[in-house]
Amino acid sequence: MKTSKSIKCKLCTQNTDPALVVDGLCPTCAPVQAALDAMVNSFTQHLRSVLIQANQERQQKIQALEAKLEAQTNAHQASDSPKHLTTAEVCEMVKLKRQHLWRLIRAGKFPAGIPLGEGPNAKKVWPEAEILAWLDSRGRGLIGKTTA
Ligand SMILES: [Zn+2]
């Protein structure tokens, strides 16, 4: 059983001498196919690099957004959990002695604080925000001034 003397080119379908056929293509079509393959390859590479770059830019934007969101979330959580200060911490913060602080509270000139127990001697705490607001209400140049 002998095989056919000629092979049909798979592109132009011309009968071609098997010795000249490369990958099923005749000598005319082979270089055309090679050129087409090269074009497709270089276009594919170009397209891939464009897509990779676009994807990197997208990733950077997503990361920037995530960082921003995290910062906002952290700031929000910080403001959601108000800090409470003890008498000692309040005194340190406003630079006043305990006695002076009680005097201001009795005079209604300082936030009264939150008593943690019963009776006038109950331990107290203050929301940090109240102390900050009080400091703010004092204006500038009044707090921290010590008798020289
Ligand atoms: Zn051909």
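This is a predicted model: local features need pLDDT of at least 70, side-chain atom pairs count only at pLDDT 80 or more; totals for chains, interfaces and linings use all residues.
Lys5 and Asp17 are 12 residues apart along the chain, and their C-alpha atoms are separated by 6.7 Å.

## Overall composition

The chain contains four helices and five strands. Along the sequence these elements follow the pattern β-β-α-β-α-α-β-β-α.

Of the 148 residues in the chain, 7% are buried. Among contacts with a separation of 6 or more, 31% are between residues 24 or more positions apart.

## The three-stranded sheet

Three strands form an open sheet in the order E3-E5-E4, and their pairing is antiparallel. Its edge strands are E3 (84-86) and E4 (114-115), each of which pairs on one side only.

E3 and strand E5 (residues 124-127) run antiparallel and are joined by three bridges. In this part of the sheet, His84 stands opposite Pro127 of E5. Helix H2 packs on the sheet, where H2 touches both E3 and E5. The direction of H2 makes about 95° with that of E3.

A further helix, H4 (residues 128-137), lies across E3 and E5. H4 runs at about 65° to E5.

## Residues with positive phi

Most residues other than glycine have a negative phi. Thr13 is not a glycine, yet has a positive phi of about 60°. Thr13 is located in the loop that runs between strand E1 (7-8) and strand E2 (15-16). Thr13 is classed as exposed because it has 10 C-beta neighbours inside 10 Å.

Lys95, also not a glycine, has a positive phi of about 60°. The loop that holds Lys95 lies between helix H2 (87-94) and helix H3 (98-106). Lys95 has 12 other C-beta atoms within 10 Å and is therefore exposed, since the class includes residues with 12 or fewer.

Technical notes: Residues are numbered from 1 along each chain as its sequence is written. Helices (H or I, at least four residues) and strands (E, at least two) are DSSP runs, numbered from the N terminus. A residue is buried if 20 or more other C-beta atoms lie within 10 Å of its own, exposed if 12 or fewer, and partly exposed in between; C-beta atoms are placed from the backbone. Two residues are in contact if their C-beta atoms, placed from the backbone, lie within 7 Å. Two strands pair if DSSP finds at least two bridges between them. Axes are lines fitted to C-alpha atoms, for helices over the stretch in contact, and angles run from 0 to 180 degrees between N-to-C directions.
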